[in-house]
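Hi,

Here is the structure I promised to pass on.

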Amino acid sequence: MTGHSHAPTDGNGPAPTDGHGLAPGDGNGSAPSDGNGFASSDGNGPARGQSRRSFLTYLIAAPTLALVTRAGADLLAPQPAHAVIPTLPAPADLVDLGDLFILAGAPTSALLALVVEADGTVRFRLPREEVGQGLTTAVAMLVAEELDAPLAAVRVELDDARPELLFNQLTGSSNSIRSLYGPVRQCAATARARLVAAAAVRWSLPVSTLTTAAGAVRAPDGRTADYGSLAAAAADPALIVLGATPKPAAKHALVGRPTSRIDARAMVTGAQRYTLDLDVPGAKPCVVRRPPTLGGGVRSVANLAAVRAMPGVLHVVTIATGVAVVAETFGQALDAKAALQVTWGPGPADQLSDAAVRTKLRAATPPLLVPPLLTAHVDAEFDFAFVSHAPMETNSAVADVRDDRAEIWSGLKSPIVARETIAADLGLPLDKVTVHVVQAGGSFGRRLFFDAALEAARISKACRRPVRLMWTRVDDTRHGRMRPATHHKIRATHALGEVLSFEHRVAAAETDFRHGLGEIITATAASLPLGIGNATLAQTLFLTTIKSPYHFGLTTQALTEVPTGVPTGSWRSVYSANTRGAEEIVVDELAAATGRDPYQFRRTFLKTAAQRAVLDKAATEGGWGRAMPAGCAQGIAFHEEYKSRTACLVEIDTRDPEHIRVTKAVIAVDVGLPVNPRGLEAQMIGGLTDAISTTLKAGLHLDKGLPLEGSYSQFHWARQRDTPKDVRVFVLPATGTEPGGAGELGLPAAVGAIANAYARATGTKPRSFPLDFDVDFTPYPR
């Protein structure tokens with residue numbers, strides 16, 4: 001028997017906040033955020049804007065309590081800021097990308113599923129992807145908090161692709177906790193209210209006399225009933241529940257406390273199951289021989305029969321992206337792949353190498369508007385290389401495609417558009433295709449695209465059997481999507497110690513956004529011709545993420561993208577890492593040009609007290625200005641994005657030119673309302689590691705249409721010896737009632753701080769990144 005129950009709530013109690021891929025994302029140890037709307041603050045007091053939420057509950061009569069909730073959107077309330085020469089608000093100051101995602105997802109935020117089972121286990125179906133950012137832990141904390149249940153009793157399971165969610169199953173833009181914070185709390189609060197109501201009926205007591213704790217309802221006379229024993233009664237559609245309101249922040253016992261990840265033990269013991277660990281009956285190992293240049297096609301295979309006759313080989317099939325080999329073991333599949341003699345057609349970037357890309361980008365950079373006449377000025381140009389996402393888990397998928405149905409397993413951040421695209425490609429009705437979202441070992445934006453899932457589906461269809469597809473590390477590094485190379489031109493004019501104008505022009509290899517906003521409509525729109533589709537999304541993302549935190553007079557930031565034929569994708573912090581990183585370098589040079597200390601200069605021009613508080617914390621805790629040996633120096637930088645702000649202070653040692661290393665880092669972060677401070681620390685340390693890598697040594701050399709790098713040993717990501725032993729992260733106490741984003745937050749300030757420390761230690765002005773970009777390895781054969 002099914003039924004419906006309506007229970008209104010105003011939802012105006014304080015709401016906690018977090019911290020996390022569009023790239024980010026990823027994003028990567030997570031700190032919760034609001035999720036239902038927006039409330040901005042100038043840093044001097046609480047944000048204006050009250051939320052009003054309502055929910056719709058679906059009940060199923062069973063020995064479980066199961067429900068879904070619906071939440072509305074809050075009002076945007078931007079706050080004014082004032083300085084000597086004020087800068088007008090940028091679009092991202094008024095509405096950021098996370099705000100847009102929250103608005104787009106609001107109509108389907110009802111569809112969260114929570115189940116209380118007869119044994120007291122609480123299961124929550126999460127319509128997002130966990131890629132290592134700690135999202136499942138933060139969500140479990142929210143559920144346990146509102147239910148007054150032990151955290152150990154909460155199980156967070158990743159939901160399958162659900163097209164009815166529309167824009168509400170995309171993991172990216174530091175938006176997961178921001179968009180889920182209110183709905184998850186309301187869902188759990190509704191469950192708690194029903195459990196209490198069921199106990200009240202059982203004991204013939206007023207609801208107001210009952211309390212909850214440790215997964216049980218308690219009566220004034222000492223009687224208790226655990227949630228499992230009440231689950232069936234709580235699911236009764238006839239049960240009268242007057243309303244459910246989430247707890248005010250003042251009553252939080254778990255949210256806001258540093259909490260270890262719920263999946264930590266499984267990960268360190270090897271018990272965590274990733275895509276290739278799944279036991280799908282009959283699924284055989286599969287690898288793909290890929291072209292010697294990006295996007296090249298197969299013309300012919302000279303030794304097809306001989307390869308098919310090799311030990312263990314089951315199938316050899318040609319697909320759009322290469323030649324797939326299915327075998328009894330991965331070793332046999334790899335041997336057969338290496339033996340293939342393939343004639344390849346050209347790809348769209350065959351003639352491109354680094355120098356040609358730089359030339360294209362420099363030529364495409366728009367001119368600056370303010371002439372350097374009669375005023376002092378600082379001019380700077382920067383180049384950033386292509387970069388691999390380089391997650392620990394390479395692209396992988398399992399597919400079982402039959403004549404009348406298909407089932408796919410993969411780590412997916414946009415599973416709805418993956419399911420819709422795969423269904424169309426296979427010629428199957430959407431309801432005959434099931435896509436399971438599997439926890440992934442890293443992403444940083446890479447898993448917004450579903451290349452492996454689509455390939456596996458095509459191979460399975462061609463072979464008429466289940467397959468287990470693995471991209472090798474070389475495949476993942478060379479043929480995976482990359483952070484686009486960029487060129488930056490900045491001019492800042494100043495007089496009498498004041499900054500009069502700040503202009504920033506960005507030219508970038510085009511970022512591919514054809515995953516859309518997570519469903520087929522915007523994905524299709526993004527595939528329309530240049531100027532209508534992908535470019536429109538690019539401009540929207542740039543304008544809703546990039547802003548200056550400083551009052552620098554007339555401030556303009558503009559993006560021009562150049563098609564290159566190179567496969568790209570959002571990479572952690574998307575446009576912010578390079579754009580704001582370059583700006584923070586120029587801020588140091590402005591400070592020097594005006595004869596001021598870099599920290600004090602920033603403090604003067606930052607727009608709000610909240611921003612200055614973060615900067616002050618990093619400078620104070622990091623001992624800014626302390627004497628250091630020659631060849632060593634400090635650097636500091638600031639960044640604000642997605643309703644959160646951070647400052648990073650680093651110390652660098654350049655005395656060994658062969659091994660320049662960051663020796664210390666102090667990071668202060670304010671995310672409004674932190675859900676899990678320990679998750680926030682992980683996010684900030686992850687951003688720092690990314691910044692150390694891409695600023696100092698990690699990049700991709702494009703050579704005649706293919707990256708030279710093919711492994712971690714060649715793509716010089718930071719190792720333990722490259723990371724500082726002394727890293728301290730200070731999570732500021734709650735400064736708001738909603739969480740901001742954290743996944744993208746930690747990277748841009750760290751990029752600026754490292755580059756600034758390098759400049760002060762060496763006396764040079766860094767202009768091309770990574771700083772050490774030699775080809776010190778022998779590339780793998782193409």
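Helix 10 is largely enclosed by the rest of the structure, because 9 of its 12 residues are buried. Buried here means under 20% relative accessible area, exposed means over 50%, and partly exposed is in between (1.4 Å probe, protein chains only). The buried ones in helix 10 are Pro-415, Ile-416, Val-417, Ala-418, Arg-419, Glu-420, Ile-422, Ala-423 and Leu-426. The helix covers residues 415–426, and its end C-alpha atoms are 16 Å apart, which agrees with the 16 Å that its 12 residues should span at 1.5 Å a residue. (That expected span is 1.5 Å times one less than the number of residues.)

Before you read on: this is a predicted model, where local features need pLDDT of at least 70 and side-chain atom pairs count only at pLDDT 80 or more, while totals for chains, interfaces and linings use all residues. Residues are numbered from 1 along each chain as its sequence is written, and side-chain values use heavy atoms, with hydrogens and water left out.

As for the whole chain, it has 19 helices and 31 strands; these are DSSP runs numbered from the N terminus, with helices being H or I of at least four residues and strands E of at least two. Of its 782 residues, 61% count as buried. The chain exposes about 27,700 Å², and carbon and sulfur atoms supply 57% of that (Shrake-Rupley method, 1.4 Å probe; for residues, only the protein chains shown count as cover).

Ser-173 is not a glycine, yet has a positive phi of about 60 degrees. You'll find Ser-173 in the loop between strand 6 (154–158) and helix 4 (176–203), and it is buried, with a relative accessible area of 0%. Tyr-642 also isn't a glycine and has a positive phi of about 55 degrees. Tyr-642 sits in the loop between strand 25 (632–641) and strand 26 (644–653) and is buried at 3% relative accessible area.

There is also a cis peptide bond between Phe-769 and Pro-770, with omega at about 0 degrees. Pro-770 belongs to the segment after strand 31.

Asp-776 lies in the segment after strand 31 (768–769) too, and counts as exposed because its relative accessibility is 51%. Together with Asp-656, Glu-658, Asp-772 and Asp-774, Asp-776 forms a negative surface patch.

Cheers

Definitions and conventions. Patches are made of residues with over 30% relative accessible area and no salt bridge: like charges are joined within 9 Å, nonpolar side chains (Val, Leu, Ile, Met, Phe, Trp, Tyr) within 5 Å. A salt bridge is a side-chain nitrogen of Lys or Arg within 4 Å of a carboxyl oxygen of Asp or Glu. Lys and Arg count as positive and Asp and Glu as negative; His and the chain ends are not counted. The place of a charge is taken as NZ of Lys, CZ of Arg, CG of Asp or CD of Glu.
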